[in-house]
Amino acid sequence: MSDLTTLKYTAEHEWLLIDGGTATVGITDYAADKLGDVVYVDLPAVGTDVEAGKVVGEIESTKSVGELFAPVLGTVLAINDAVVDAPDLVNSSPFDDGWLIRITLSGDLPTLLSRDEYVALTAE
Amino acid sequence: MVANAGNRQVAFETLAKRAHGFDVTVDDESDDTALIAIQGPEAEGVLDELITQDRLAPDSPLAELRYYRVLQGTFDDVPVLVARTGYTGEDGFELYLDNETAPSLWRAIAEAGASRGVVPAGLASRDTLRLEAGMPLYGHELGLDTRAAQAGLGRVVDLSKDEFAGRDNALPAEGARVLVGLALEGKRAARAEYPVLDPAGVVVGEVTSGALSPTLGHPVAMAYVDPDFSTVGTALGVDVRGTTIPATVVALPFYKRS
């Protein structure tokens, strides 16, 4: 598993692994657990321009349909085809094999949460 | 009478109006009454355990209580009404008693049932079970404008009686959409209000309830469709947020307890 303290987080329960000019994005174990068994993942096409806070996809579980928000400004560089084929990876490996999209960053990063800040948020 | 919680006021007002001129009083005891449902094949065994513990004392044997019948009794000497009812499609009971004693009955059931797999269940669990059992729900399959025959409930109205309140509305409506079961491909649920499409993509109905069936492993839904598309085996589609998912009309219920 990735070192969770090296990741950044959003209040919409996404994690980001920022590596130079790209960010890999997924949803947290907390969010995956709240959603329940994920049965469908809809991701944006590679090359799509995304903007922080905008809906770029959806994650459907047996219980409900959740929206996937882009956490940063940029362009979709890659999507995780494995998770489209096997959506339960979001539950079984949210921080690794269950990653969703990789974004080429444009401009400055918005304010993101540290691990401690995110954990504090979900403990409320 | 036990109304759907959302219909409490409507049911009370309708009855109060009807009672006018008769030697009848209509009281709404909802705020003073608790209802605990214990559902599933082990339900009778768990209540038997409470009888053995001398806590639950039904006025007549539980084993003789038939489906949709009630009996009186006591729990810890407090009056309780035991009904062999529920909205899960399984055997089970609903127990009515005063609010004050209800937590104690809840704990007694949880303790006596622990070894039999009794767990607390929320509304989503109940809703999935009633959907699999093909049971229509007010606000989804049923509304004030729905006629019994449309919802597959023709059997609950005796039209051989000449006159009764609501008789006109119990008659089947010519050409009206009828309730059907749909079995869908894949894993995505058809949820309430999603359009039902014919093979040409024309809207011929609307989903009223849907879920990925835990028992069957595929999505199931109930929907109102035009009568021409209501025959079992008809190939239809459901518009799941922009994607048409293939669906087939199937007989209700989706699942029947053995």
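1. The side chains of B:Arg188 and A:Glu58 form a salt bridge, 3.0 Å from N to O. The term requires a side-chain nitrogen of Lys or Arg within 4 Å of a carboxyl oxygen of Asp or Glu. Between chain B and chain A the count is five salt bridges.

2. On method: this is a predicted model, where local features need pLDDT of at least 70, side-chain atom pairs count only at pLDDT 80 or more, and totals for chains, interfaces and linings use all residues. Residues are numbered from 1 along each chain as its sequence is written, chains are lettered from A and ligands numbered from 1 in the order in which they are written, and side-chain values use heavy atoms, with hydrogens and water left out.

3. The interface draws on six residues of chain B and nine residues of chain A. Contact here means heavy atoms within 4.5 Å. About 640 Å² is buried between the chains, and carbon and sulfur atoms give 47% of that. Buried area is the accessible area (1.4 Å probe) that two parts lose on being put together, summed over both. B:Arg188, B:Arg191 and B:Arg241 supply 68% of what chain B buries against chain A, more than any other three residues.

4. A:Lys63 carries the UniProt annotation "modified residue: N6-lipoyllysine", from an unreviewed entry. UniProt positions are in the numbering used here, feature names are shortened, and annotations may be inferred rather than shown by experiment. A:Lys63 sits in the loop between strand S6 (55-61) and strand S7 (65-69) of chain A. Is this lysine buried or exposed? A:Lys63 counts as exposed because its relative accessibility is 56%. The cut-offs are under 20% relative accessible area for buried and over 50% for exposed, with partly exposed in between (1.4 Å probe, protein chains only). Beyond neighbours within four places in sequence, A:Lys63 touches A:Lys34, A:Leu35, A:Gly36 and B:Arg191.

5. UniProt, again in an unreviewed entry, places "domain: Lipoyl-binding" at residues 22-104 of chain A. The end C-alpha atoms of that span lie 5 Å apart; 19% is helix and 42% strand. Helices (H or I, at least four residues) and strands (E, at least two) are DSSP runs, numbered from the N terminus.

6. Chain A has an open, antiparallel sheet of three strands in the order S4-S6-S7. S4 (38-42) and S7 are the edges, each with a single partner strand, so one side of each has no neighbour in the sheet. Strands pair if DSSP finds at least two bridges between them. S6(A) and S7(A) are joined by five bridges. A:Glu58 stands opposite A:Glu67 in S7(A).

7. Chain B has an open antiparallel sheet of five strands, ordered S1-S5-S4-S3-S2. S3 (residues 70-75) and S4 (residues 78-83) of chain B pair over six bridges. B:Leu71 stands opposite B:Val82 in S4(B).

8. The buried residues of helix H2 of chain B include B:Val46, B:Leu47 and B:Leu50. Their cover includes S1, S2, S5 and H3 of chain B. Just after H2(B), B:Asp54 takes a positive phi of about 65°.

9. For residues 177-256 of chain B, UniProt lists "domain: Aminomethyltransferase C-terminal" (unreviewed entry). This span is 0% helix and 51% strand, with its end C-alpha atoms 25 Å apart.
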